[in-house]
Amino acid sequence: MRSPDVAVFAAGAWADAVAHRLADRLRARPDLRMCLPTGDTPGPVYRRLVGMAAAGGIPFERATVILLDEYVGLPPADPARCDTRLDRELISGLHPSPSVHRIRVDDLDPVAAAAEHGLVAAAGIDLAVVGLGMNGHVGFNEPGSGADAPTRVVSLTPGSRQVATARYGASAEPVSGITLGMDRLLASREIWLLVRGATKAAILKRALEGPQSAECPASWLRRHPRLTVLADEPAAASLG
Ligand code: PGA
């Protein structure tokens, strides 16, 4: 496979295409260990998957989901919490559901929660599905993160804090988070970068065509031999 493999879909076809790819992966490998993101990008994909699973034929029950990242300091039911959101948008609609490794920010101190999640991920990730932040972050690997950045507690950039309240409805502005590290994502067997919408066109171009550097952590994904970019036409519009 050429890396990155960039697949572009009409905006109205993107979510179906991504959902069908994921369903195919699960049929081929029902014990798939996958890292899944939250945020606005994957919502339509999760809606399709719930619908497809309800109609039968997607074997989720033996799969393992490893949450990509989580806020520190938001209460358990906060609508912006990554675990709450993944439950709401995907997991609660799957019967039977996969096993899910959330990040235990309520039971453990953040450093211990990050260490525990790092151990879960160290058992291996077959497919890391990630989104692309407006500043080039992947999970909470914010600008400044090297390709070897580990799973850890991170300070969120002002932009990421504002997104939590303004777009995701957080009850308070979180200042830190826990993320799977770039090192762990790059050690996955395969990576899918999901990108949709015209607002992501410039950062996607930078991630794929700009220098590989910590200023745009998503650019490190190009080091992976099996990176697939799944973009809609508006997001891909600036690619050369
Ligand atoms: P979004 O966030 O899907 O809400 O645009 C992506 C990200 O910040 O990783």
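Modeller: Let me begin with a definition: a molecule sits in a cavity or pocket if more than half of its atoms lie within 2 Å of its grid points. This is a predicted model, so local features need pLDDT of at least 70 and side-chain atom pairs count only at pLDDT 80 or more, while totals for chains, interfaces and linings use all residues. Residues are numbered from 1 along each chain as its sequence is written, and side-chain values use heavy atoms, with hydrogens and water left out.

Biologist: What makes a space a pocket, and which space does the ligand take?

Modeller: On a 1 Å grid over the protein atoms alone, a pocket is an open set of points with protein on both sides within 12 Å along at least five of seven lines, whereas a cavity is a set where a 1.4 Å probe fits but cannot get out; lining residues have an atom within 4 Å of a point. The space taken by the ligand is the largest pocket, and about 500 Å³ of space lies in this pocket. Of the 29 residues that line the largest pocket, the closest to its centre are Gly39, Gly133, His137, Arg167 and Tyr168.

Biologist: What is the shell around the ligand made of, by class?

Modeller: It has two nonpolar, five polar and three charged residues, where Ala, Val, Leu, Ile, Met, Phe, Trp, Tyr, Cys and Pro count as nonpolar, Asp, Glu, Lys and Arg as charged, and the others, Gly among them, as polar.

Biologist: Why is the other space called a cavity, and which residues line the largest cavity?

Modeller: The name is used because the probe fits there but cannot get out. A search of the whole structure finds one cavity of 30 Å³ or more, and its lining consists of Val18, Leu22, Val45, Tyr46, Val129, Trp192 and Leu194. By class, that lining has seven nonpolar, no polar and no charged residues.

Terms used:
Points joined across faces, edges and corners; volume = space filled by probe spheres on them.
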